[in-house]
Amino acid sequence: MLERAYFYRAIKITAPVFFGYIAIGIPFGLMLTNAGYSWWFAPIMSVLMYAGAGQYMAVGLFASGASFSTILVAELLINIRHIVYGLSLITQFKGTGRWKPFLMFALTDETYALLTSCTVPKDADRGAYLGTIALFDYLYWITGSTIGAIAGTLIPFSFAGVDFALTALFAVMLINQIRASSDILPPIIGAVTTVGAIVLARFAILPEEHILIVALAIGIAAIILVRGSRYTKKQRGETA
């Protein structure tokens, strides 16, 4: 059973995520209903899938009639960063007990940032403390997407520009990442591979439905090669 103090602390810690998830969740719900789906599909999708960027992408892929294999590969590539998240939290999740499966499921970009920056009080149950933070973020996203879906069903609404919400989300994440790491190489590689894939599609060399998958695959491979080459040269320099 959770202690009341955990809720108060979680509310304070997750307040920034609340405003972000409500603001981003509502456009997702609007997009979903605009694509022809019933409002209740939004909370179900958010409860079972819980992947902001992945859910946004899924709506576009569903609407375009993409094949199951295309959707599967695209979702895998866009969420592959969670493998790194999980590896970096092996120590953090030790001693979390029955909360561990939920913590693994509820690991989003924003939740990861909170879990890696907060300090668990010595007298607190580690699993309950971290789990409450993740649970609040989870509920915020479900609430935001549900509000948007219901609003899209009941209120006449102009959807012009709503589909730009995902682009805006990635733009903000990109700016924050560049500011934090001062590393512009990944964005440059991403831009080049995306433009390259679009050009190939324009000349009918690449099917349009494969633009995203090809750009992601080539971009990831290029980053791995560049990083690996730099690491190898660094190791040679140290051992020389």
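**Helices and a nonpolar surface patch in a predicted model**

Reader: In this predicted model, which backbone nitrogen does a side-chain oxygen of Asp125 reach at the start of helix 8?
Author: Asp125 stands at the start of helix 8, where one of its side-chain oxygens comes to within 3.1 Å of a backbone nitrogen. The residue that carries this nitrogen is Gly127.

Reader: How far apart are the end C-alpha atoms of helix 8, and what span should its residues give?
Author: Helix 8 covers residues 126-154, and its 29 residues, taken at 1.5 Å a residue, should span 42 Å. The model agrees with this expectation, because the end C-alpha atoms of helix 8 are also placed apart by 42 Å.

Reader: Which helix gives the most residues to the nonpolar patch on the surface?
Author: The patch is formed by Trp39, Trp40, Ile44, Val47, Leu48, Ile150, Leu154 and Ile155, which together have about 790 Å² of accessible area. Helix 2 and helix 8 each supply at least two of its residues. The one that gives the most, with 3 residues, is helix 2.

Reader: Is Val47 buried, partly exposed or exposed?
Author: Val47 lies in helix 2 and belongs to the nonpolar patch. Its relative accessible area is 33%, and since buried means under 20% and exposed means over 50%, Val47 is therefore classed as partly exposed.

Reader: Which element has the highest mean pLDDT, and which the lowest?
Author: The protein as a whole averages a pLDDT of 82, with 88% of the residues scoring at least 70. Among its elements, helix 2 (residues 41-48) has the highest mean, 94, while the lowest, 69, belongs to helix 9 (residues 165-181).

Note on methods: Residues numbered from 1 in each chain as written. Predicted model: local features only at pLDDT ≥ 70, side-chain atom pairs only at ≥ 80, totals over all residues. Heavy atoms only, no water. pLDDT = per-residue confidence, 0-100. Helix = DSSP H or I, 4+ residues; strand = E, 2+ residues; numbered from the N terminus. Patch = residues over 30% accessible without salt bridge, like charges linked within 9 Å, V, L, I, M, F, W, Y side chains within 5 Å. Areas by Shrake-Rupley, 256 points an atom, 1.4 Å probe, with all protein chains shown as cover. Salt bridge = Lys/Arg side-chain N within 4 Å of Asp/Glu carboxyl O. Buried < 20%, exposed > 50% of the residue type's maximum accessible area, 1.4 Å probe, protein only. Expected span 1.5 Å × (residues − 1). Polar contact = N/O pair within 3.5 Å; in protein donor to acceptor, adjacent residues only side chain to side chain.
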